[in-house]
Structures are given as structure tokens and as C-alpha cells.
2 protein chains.
Amino acid sequence: MLPAGSVIGILGGGQLGRMLACAAAKLGFDVHVYCPETAPPAARVAARHVCAGYEDAVALRNFAKACDIVTVEFENVPAAAAEAVAASGTPFRPGAKALAVAQDRAEEKAFLESVGIAVADWRRVDTREDLLNGLQAFGGAGLLKTRREGYDGKGQAVIASRADADSAWEDLGARACVLETLVEFDLEISGLVARGLSGECVAWTPPHNMHSEGMLRRSRVPAPVDPQVLGQAQDISVQLAEAMDYVGVLALEFFVMADGQLLANEFAPRVHNSGHWTPEACATGQFENHIRAVAGWPLGRAERFHDVEMINIVGQEALRPPAGFGTDVSLTLYGKGEARAGRKMGHSVRRTGPARSRTA
Amino acid sequence: MLPAGSVIGILGGGQLGRMLACAAAKLGFDVHVYCPETAPPAARVAARHVCAGYEDAVALRNFAKACDIVTVEFENVPAAAAEAVAASGTPFRPGAKALAVAQDRAEEKAFLESVGIAVADWRRVDTREDLLNGLQAFGGAGLLKTRREGYDGKGQAVIASRADADSAWEDLGARACVLETLVEFDLEISGLVARGLSGECVAWTPPHNMHSEGMLRRSRVPAPVDPQVLGQAQDISVQLAEAMDYVGVLALEFFVMADGQLLANEFAPRVHNSGHWTPEACATGQFENHIRAVAGWPLGRAERFHDVEMINIVGQEALRPPAGFGTDVSLTLYGKGEARAGRKMGHSVRRTGPARSRTA
């Protein structure tokens with residue numbers, strides 16, 4: 001167990017880092033934040049901010065040396081940065097392996113399949129040829145995604161027919177992609193789990209996630225799905241964490257098919273937007289359990305006390321209080337200066353009732 | 001309403017300031033901390049720390065000018081410091097009046113009585129003569145307290161008989177005191193209320209507070225008292241907040257007599273140790289509602305979802321995890337370096353069951 005007063009380093013300075021930093025402070029830790037932005041949300045609740053780029057191996061190494069443990073708030077940390085941290089001798093959790101797998105959609109899907117987790121049919125696409133072959137296999141339609149650096153719907157294109165193939169290929173930069181078959185799912189849910197240093201896991205209730213323009217807008221808990229299916233989603237997420245010898249919180253997104261089958265979509269090796277309701281609704285929230293995990297502390301229970309709805313506050317929505325604020329709504333704002341269109345500025349959590357079931 | 005992104009200044013850098021700073025961050029505010037200590041707990045979760053003394057009017061004024069609102073985490077802010085902040089033009093909440101009253105036990109008792117709140121019989125003691133006269137009136141025994149600068153049992157002496165009078169008087173420095181009659185109470189509770197800028201109030205369930213060596217060690221919620229008496233404690237606390245045109249959270253301590261009568265003991269014009277369970281157990285915790293109040297935001301509900309027990313972690317108790325950590329216990333540590341004897345290092349909150357009643 002990392003003693004209270006130790007320093008936890010976070011790569012990345014956004015809202016996830018900010019909420020992690022507050023959770024770390026609750027447990028008596030100091031937080032150092034590393035990111036290239038000059039005034040990031042997380043730095044304003046941290047003991048120290050190192051403002052440098054992820055390619056600056058010297059700065060990264062010095063940063064890591066001043067920390068007792070280093071973790072991340074986003075998965076696109078360059079491999080070289082992860083290596084620089086590892087070279088410092090300071091433990092890096094969840095670690096380079098999970099990041100490397102999560103950064104590359106082809107690696108990710110291959111890994112999920114290799115550990116027996118079902119995903120929608122997919123193909124590697126390295127050339128225009130590959131794309132056309134893949135489309136043929138999938139009946140002429142599919143979802144093309146860049147292998148790297150996609151998030152919130154960026155770096156992907158729906159291909160409805162072979163006629164769209166060329167423009168999609170060019171729009172995404174004619175670079176390494178994956179093609180997924182278009183899946184007719186009922187709804188999307190996510191498995192949220194924390195795995196401790198000693199291997200114990202806790203899983204929160206899977207939320208029902210609703211997206212708009214590729215961005216999560218709303219999560220309802222519990223997802224309106226057979227509790228057995230929710231239990232399976234928890235079990236599969238735990239299975240993934242164990243397969244990677246993961247330490248910390250991860251989120252695994254699923255498509256739920258009409259017959260209840262679960263197809264894994266992608267995972268995030270970090271705390272996740274679809275788990276932002278956990279501090280308000282559960283015995284322990286995702287941010288605190290991530291900190292406990294990377295610090296080698298025992299995890300807190302994920303027991304849920306309330307049914308809730310989490311709504312993201314995007315762009316200018318941040319300029320007025322959310323509906324119900326002052327009654328049943330808990331508000332979190334991220335301290336971002338400018339309320340730009342499409343920018344996640346905060347979220348609200350509304351308690352919709354006592355938990356219908358403690359486990360799902 | 002102070003817009004998100006505004007700066008909230010806090011005078012004082014201890015654990016109350018630290019928890020206020022995290023609550024402010026949740027709502028999107030930046031926090032500046034002012035205190036003379038070089039590495040205080042609150043500064044490590046704040047955007048800025050001004051390290052200067054409370055007698056430094058220039059530093060205080062500059063600090064206040066950089067803030068949109070200034071509040072406090074302790075009541076013993078010198079009057080001159082409060083004036084320096086007020087002179088800056090930046091709103092100071094709860095404000096100089098409440099601080100002045102709370103700093104002086106004679107002023108405090110006189111004020112409570114003036115607004116119709118019952119207190120134990122007491123006398124002003126400016127001289128040894130006053131003390132002897134007071135003891136005579138109280139049957140030879142009493143509790144002698146310095147008018148100023150007492151906390152956690154410091155600055156007070158129990159006088160069991162007239163023979164103790166001289167040594168008590170000398171021990172406390174032969175300075176202005178109050179003498180209270182010794183009260184045979186059943187238990188101690190506290191009224192915790194928040195009052196918003198527009199005058200609305202919310203009251204949390206009064207906890208049962210257990211002290212040891214003058215320091216709060218344990219609060220149980222709800223206090224094992226007739227719910228009508230708990231309601232009265234809430235009402236009286238609201239009455240006090242209204243009488244002072246108070247903005248923010250205050251705590252009013254009561255003795256509960258065998259017949260259910262309430263005698264006010266003292267109040268704290270700030271968030272209070274006996275309310276540290278509110279973030280875990282209630283729709284809104286005391287730290288968030290204090291920030292909402294001083295920022296002119298609508299208050300959140302104090303509705304309570306759990307019965308709880310809060311235990312202070314003192315001195316070397318901080319070196320091992322509390323009993324039950326990892327199951328039903330939420331832990332908060334304050335980030336204080338040295339676990340000195342008698343130093344409040346953190347607290348634990350144990351959920352003991354669902355709330356027996358939502359109001360008491």
C-alpha cells in the first residue's frame with residue numbers, strides 16, 4: 001500500500017485527471033499532473049503541473065521520478081512516453097500493455113477475440129483493396145475506423161454502399177483502418193470494473209449509453225436489460241481486466257443484440273465518461289477506486305444506492321444551470337474556460353429513485 | 001450567481017479548506033488559499049496559495065482583489081484581516097459580523113440570548129473577583145473558558161470547587177473569560193444548516209457528537225433523540241443563521257437535557273467537523289452547499305440516504321487503515337505530513353444502514 005502523502009502522477013490534464021486528482025486528495029495523496037496544455041482543468045486541483053510534451057523523454061522521466069506511481073487519464077499516450085516513464089523505475093499503472101492494445105483498434109479486436117470475448121465481424125484495412133474486399137464480405141456496407149487516435153466519433157465513417165468507399169477512405173486519410181460490419185443492436189451498455197493490485201475486482205452496474213454525433217450524451221442506470229445480461233457484461237469486463245493483468249478502472253463498451261447477446265465494441269484503459277454517475281450513486285466511485293487500485297489499496301465496494309441518469313453538458317449548455325439543479329441533480333463542471341461547440345464542459349447526475357436492485 | 005470559472009478565496013489552509021476546495025472544483029470554480037503555513041493541506045488542491053500572515057493587510061487586500069468572493073475555513077480570522085478583505089471590495093462571506101460574534105464567547109452567548117436562543121447560565125469574568133462571584137452563584141462549580149481563541153477543549157478549565165478557582169484563573173492566563181454553570185446534559189448534538197444568498201435554508205440531520213479530551217471523536221447520525229427535538233435543533237440553527245443574515249454553512253452545538261430541552265453551547269461560522277459525514281450520506285454535503293451559498297448559487301438538498309457514524313482519525317491512528325476500510329467505510333485523509341499526537345489527520349464514515357427517516 002502506497003502510504004498517504006505519497007505522490008500520484010497523472011499523464012493528461014483534462015476532466016478525468018481533475019476528478020482523479022480530487023479523489024486522490026480525499027485519500028491524502030498529492031497529485032502531479034503532466035500535460036502539454038498550459039492551464040488544464042486537472043492542474044488547478046493538483047500540487048504540481050509539469051507543462052511539457054509527451055515526446056519529451058527527459059521531462060517525462062524527471063516527472064516520473066518525482067512521483068511514487070504514475071497513471072493516465074487518456075489512452076493515447078505515445079508508446080515512447082510510456083517507455084520513458086517505465087525507464088524511470090516508477091511503477092506505471094495500468095501499464096504499457098493495456099495502453100498499446102487500446103490505442104490500436106486492430107490490436108484491440110484481436111486481443112478481445114484472443115481471450116474469448118465476442119466482437120462484431122471485422123477486417124484489417126491497410127489499402128483501398130482491403131476496404132473493397134471487406135465491404136464485399138459484409139454485403140457492401142460497414143463502419144470504417146482509423147486504427148489509431150479516434151475518439152468521440154472522430155476518425156470514423158459509415159459506408160452505406162460501395163459507392164461511398166473511396167470518399168470514406170480519403171476522408172480518413174488513406175491510413176491503416178479497421179472495417180466493422182454494421183451491427184443491428186438494441187442498445188449500448190458499458191462494463192465498468194476496477195481491478196486492484198492484488199487482483200480483486202469490483203464491477204459497477206452497467207449503464208445504458210446514448211450517443212449523439214459519436215459523443216456520449218446520456219447514461220441511464222441500470223440499463224433496461226435483463227439483469228442476467230448485465231451480469232454477463234460485468235463478468236466479461238472482469239475477464240478482460242484479468243487477461244491484461246490490469247490495475248485500475250477500465251470500461252468495456254458492448255452492443256446488446258435483440259436476443260441478449262453481447263458484442264464487445266471497444267475498451268478504455270481508464271476511468272470513463274459512462275461511469276461519471278458512480279460517485280453520486282455508489283458506495284465508491286470510479287475515480288476513488290482507480291486511485292485505490294494504482295496505489296495498491298483495497299478497493300471500495302461498487303454497491304449502488306440510487307437509480308440515476310447522467311447527462312453530459314456540452315458547449316454552451318454549460319452557461320445555464322441544468323434542469324432540476326438545486327433539487328435532485330448533482331452538477332459537476334470541469335473548469336474549462338471556453339464553452340466551445342462540442343466540448344464536454346461538465347455533467348449532471350439525477351437520482352431517479354432508490355436502486356431497484358443492489359447488484360444490477 | 002457567480003459564474004463557473006470564477007475564483008473563490010479561502011482564508012485558512014487546513015482540512016476544511018481542502019474539502020471546500022475540492023467541492024469548489026466540482027462546481028467548476030478555481031480556488032485561491034491564503035494562510036501563513038508554507039505547505040498547508042488546502043494549497044495542494046488549489047490553483048494558488050498566498051503564503052502570508054493575517055496581519056499583512058496589503059497581502060490580504062491583493063489576495064482578495066484576485067478573487068471574486070472570499071470565505072473562511074476557521075473563525076479566528078483577526079478583525080483587521082476581515083476589514084482588509086472588506087476594503088478590497090470583494091464580497092466576504094459569511095462576513096465580519098458572524099466572525100466577530102463567534103470569536104468571543106461573551107459576545108456569542110449574549111447574541112444567542114438576544115435572539116431568543118436558550119444557553120446555560122453564564123457570567124462574564126474579567127477579574128478574579130468576577131470568577132469568585134460567579135462560582136458562588138453557580139453553587140461553587142463551573143466551567144471557565146477564555147473569551148477568545150479556544151478550540152478543541154483548549155482554553156478551558158473545569159472548576160469543581162472554589163479551591164480550584166485560583167489555579168484555573170492563572171492557568172488560563174488571568175484574562176477575559178466566561179464562566180458557565182456545569183450542565184447535566186444527556187448528550188450533545190449539532191445543528192448543521194446552510195443559508196443561501198437569497199435567504200433559503202437547508203438543514204441536515206443533527207448528529208450525536210461524542211468528545212474525548214475536548215476534541216470531537218465520533219458523530220452518530222441520526223442522534224438517538226426524539227425526532228421532534230432534532231427538528232427543534234434544526235429550527236433553532238436556521239433561526240440563528242437568519243438572525244445574522246448569514247451566508248454559508250454554520251454549526252450550532254447543543255446540550256440535550258433529560259427532558260428534551262435544548263441549550264445552545266456555541267456555534268461555528270463555517271463547515272464543521274460534526275458534518276463530515278454529509279458528503280457520503282446526503283444528496284448534498286456541507287462543503288458543496290457552503291460553496292454554493294457563498295457563490296450565490298441555489299442550495300442542494302440536505303436529504304439523507306444513510307444512517308452513518310463518522311469517526312475522527314487522530315495522530316498515529318492515521319498510519320493504519322480504519323476498521324472496515326474496503327467494505328462499508330469511506331476514508332478521508334487530510335494530507336498532513338506528521339501524525340502528531342492529538343492532530344486530526346482524517347476521518348472515516350461508516351454507513352450503518354439506510355436512513356430510518358429522510359428528515360431526521
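Trainee: Where is Pro94(B) found?
Mentor: In chain B, in the loop between helix H3 (79-87) and helix H4 (96-103). Keep in mind that this is a predicted model.

Trainee: And what kind of peptide bond runs from Arg93(B) to Pro94(B)?
Mentor: A cis one. Its omega is near 10 degrees. Most peptide bonds are trans.

Trainee: Over to chain A, then. Which residues does a cis peptide bond join there?
Mentor: Val221(A) and Pro222(A) are one such pair, with omega about -5 degrees. Pro222(A) sits in the loop between strand E12 (215-221) and helix H8 (227-243) of chain A.

Trainee: Where is Asp245(A) placed?
Mentor: In the loop between H8 and strand E13 (248-256) of chain A.

Trainee: New topic: helices. Which residues of helix H2 in chain B are buried?
Mentor: Leu60(B), Phe63(B) and Ala64(B), in a helix that covers residues 57-65.

Trainee: How do they fall when seen down the axis of H2(B)?
Mentor: Within an arc of 95 degrees, so the buried residues line one face of the helix.

Trainee: And what do those buried residues pack against?
Mentor: Four strands of chain B are on the list: E1 (7-11), E2 (30-35), E3 (48-51) and E4 (69-72). Helix H3 of chain B is on it too.

Trainee: Now the pair of chains. What rotation superposes chain A on chain B?
Mentor: One of 180 degrees, with 0.0 Å of shift along its axis and an RMSD of 0.0 Å. The two copies are thus related as by a two-fold rotation axis.

Trainee: Which C-alpha of chain A is nearest the axis?
Mentor: That of Val45(A), 2.0 Å from the axis.

Trainee: How many residues are in contact between the chains?
Mentor: 28 residues of chain A, with 28 residues of chain B.

Trainee: Which element of chain A gives the most to that side?
Mentor: H1(A), with 4 residues. Helix H1 (15-26) and E16 of chain A each supply at least two.

Trainee: How do the residues on chain A's side divide?
Mentor: Into 14 nonpolar, 9 polar and 5 charged.

Trainee: Why do you say the copies meet through the same surface?
Mentor: Because 100% of the interface residues of chain A are also interface residues in chain B.

Trainee: Last one. Where is Arg340(A) found?
Mentor: In the loop between strand E16 (329-333) and strand E17 (344-354) of chain A. Arg340(A) counts as exposed, with 11 C-beta neighbours inside 10 Å.

Trainee: How far apart are Arg340(A) and Ala318(A), in sequence and in space?
Mentor: 22 residues in sequence, and 9.9 Å in space, C-alpha to C-alpha.

Conventions:
Residues numbered from 1 in each chain as written. Chains lettered and ligands numbered in written order. Predicted model: local features only at pLDDT ≥ 70, side-chain atom pairs only at ≥ 80, totals over all residues. Least-squares fit on C-alpha atoms with pLDDT ≥ 70 in both. Contact = placed C-beta atoms within 7 Å. Buried ≥ 20, exposed ≤ 12 C-beta atoms within 10 Å, placed from the backbone. Arc of directions from axis to C-beta. Nonpolar A, V, L, I, M, F, W, Y, C, P; charged D, E, K, R; others polar.
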